[in-house]
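Please keep the sequence and the coordinates open while reading.

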Amino acid sequence: MDRSKSIELLNKAVGDELSAVHQYMYFHFILDDLGYDLLANIFKRTAIEEMMHIERFAERILFLSGDIEMKASLEVVKEKDPEKMLKWAMDSEEGAIVDYNKWAMECANASDSMSKQLFESIIADEERHFDQYDTEYQNLKKFGDRYLAQQAMERSKTVGGMMPPAN
């Protein structure tokens with residue numbers, strides 16, 4: 001088995017997942033600062049799951065006696081609009097699904113069924129991520145700024161309820 005093609009594809013996936021982690025954490029920080037807890041936490045949870053993908057890809061690279069390239073494939077986009085953040089995330093997840101399906105087949109053609117199975121198992125996570133971002137995007141389109149205002153008001157209630165009573 002020629003391991004070089006699988007190692008190359010796995011390292012591409014590591015770079016893409018690193019980019020997703022960086023981008024999603026940036027979105028998390030911005031949304032948290034704006035008080036949009038629901039969206040902020042979705043991005044944070046997804047970033048953590050993407051880190052777990054990196055770990056799985058890295059373990060496979062090492063098993064194949066390769067070296068892990070820890071280079072993000074993209075720079076962080078400094079987006080502050082929640083709708084555009086969700087659109088970016090949907091496009092990113094959709095791109096990962098397409099790439100991972102293609103790369104799974106390339107691994108199969110190189111007689112590396114375990115790397116193929118790894119890509120396929122991660123596709124399921126990426127599809128779930130896409131679905132959650134699509135749901136939030138549709139909610140934002142349907143309810144507009146009221147959807148975001150509700151999130152900010154919920155935070156205010158929580159923060160207000162935690163404040164010590166006035167003397």
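Helices (H or I, at least four residues) and strands (E, at least two) are DSSP runs, numbered from the N terminus. The model is predicted, with local features needing pLDDT of at least 70 and side-chain atom pairs counting only at pLDDT 80 or more, while totals for chains, interfaces and linings use all residues. Residues are numbered from 1 along each chain as its sequence is written, and side-chain values use heavy atoms, with hydrogens and water left out.

Glu-69 sits in the loop between α2 (37–63) and α3. Relative accessible area under 20% is called buried, over 50% exposed, and in between partly exposed (1.4 Å probe, protein chains only). Glu-69 is therefore partly exposed, at 34% relative accessibility. Not counting residues up to four places away in sequence, Glu-69 touches Asn-11 and Val-14, where contact means heavy atoms within 4.5 Å. Its C-alpha atom is separated by 9.8 Å from that of Ile-7, 62 residues apart along the chain.

Now to the rings. Rings of Phe, Tyr and Trp (its six-membered ring) pair if their centres lie within 6.5 Å; planes under 30 degrees apart count as stacked, over 60 as edge-to-face and the rest as tilted. The structure holds 13 such aromatic pairs. One of them, Tyr-24 with Tyr-133, is tilted, at 5.5 Å centre to centre and 45° between the planes. This pair links helix α1 (residues 4–34), which holds Tyr-24, to helix α4 (residues 113–143), which holds Tyr-133, across 109 residues. Tyr-24 and Tyr-133 are both buried.

Trp-103 and Phe-119 pair edge-to-face, at 6.0 Å centre to centre and 70° between the planes.
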